[in-house]
Amino acid sequence: FRSPGMEEDAPVIYGLESQGRAISARTAETEEIHFLVGTQSLRSDNQIHLLEFDEENHYIEKSVFNHPNGEIWQLSCSPTDKDLVSTCHSQVKHSKLEYGATLW
């Protein structure tokens, strides 16, 4: 259902190279719409994607950061500091599965 006068907007789609498991809104960023997405892959390096959505032009700008600590199971943005994010992750080291958490 659309109200009279609403613009018909095409959906905005973003694809990841690896499976995405975790997403978090960057709520401390109050001027723009930002999301962080974490990948989860056993076979390739994992990444954190910062997605900046331009609502006016229906465009996504991305920045990609390496996550050398393995698969990202959970990702949380600080509600007060837009530059802080934490990840819960796992990786295999010396044939043993290790879990950890990192504040970036």
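Me: Which residues does His49 touch, not counting residues up to four places away in sequence?

Reply: In this predicted model, His49 touches Tyr14, Leu16, Glu17, Phe35, Leu36, Val37, Thr39, Ser63 and Val64, once residues up to four places away in sequence are set aside. His49 itself is found in strand E3.

Me: What makes the pair of His49 and Tyr14 side chains a polar contact?

Reply: The two side chains make their contact at 2.6 Å, and because the limit for such a pair of N or O atoms is within 3.5 Å, the contact between His49 and Tyr14 qualifies on distance.

Me: Which residues make up the largest nonpolar core, and which elements give two or more residues to this core?

Reply: The largest nonpolar core has eight residues, namely Ala22, Leu36, Ile48, Leu50, Ile72, Leu75, Cys77 and Val85. Strand E3 (46-54) and strand E5 (71-77) are the elements that give two or more residues to this core, and E5 gives the most, with three residues. Ala22, a member of the core, touches residues including Leu36, Ile72 and Leu75.

Me: How do you know whether Val92 is buried or exposed?

Reply: Val92, whose place is in strand E6 (residues 85-93), has a relative accessible area of 55%; exposed means over 50%, and therefore Val92 is exposed. Together with Leu97 and Tyr99, Val92 forms a nonpolar patch on the surface, with about 350 Å² of accessible area for the three together.

Methods. Residues are numbered from 1 along each chain as its sequence is written. This is a predicted model: local features need pLDDT of at least 70, side-chain atom pairs count only at pLDDT 80 or more; totals for chains, interfaces and linings use all residues. Side-chain values use heavy atoms; hydrogens and water are left out. Patches are made of residues with over 30% relative accessible area and no salt bridge: like charges are joined within 9 Å, nonpolar side chains (Val, Leu, Ile, Met, Phe, Trp, Tyr) within 5 Å. Accessible areas come from the Shrake-Rupley method with a 1.4 Å probe; for residues, only the protein chains shown count as cover. A salt bridge is a side-chain nitrogen of Lys or Arg within 4 Å of a carboxyl oxygen of Asp or Glu. Helices (H or I, at least four residues) and strands (E, at least two) are DSSP runs, numbered from the N terminus. Buried means under 20% relative accessible area, exposed over 50%, partly exposed in between (1.4 Å probe, protein chains only). A nonpolar core is a set of buried Ala, Val, Leu, Ile, Met, Phe, Trp, Tyr and Cys residues joined through side-chain atoms within 4.5 Å. Contact means heavy atoms within 4.5 Å. A polar contact is a pair of N or O atoms within 3.5 Å; within protein, one must be able to donate a hydrogen and the other to accept it, and residues adjacent in sequence count only if both atoms are side-chain atoms.
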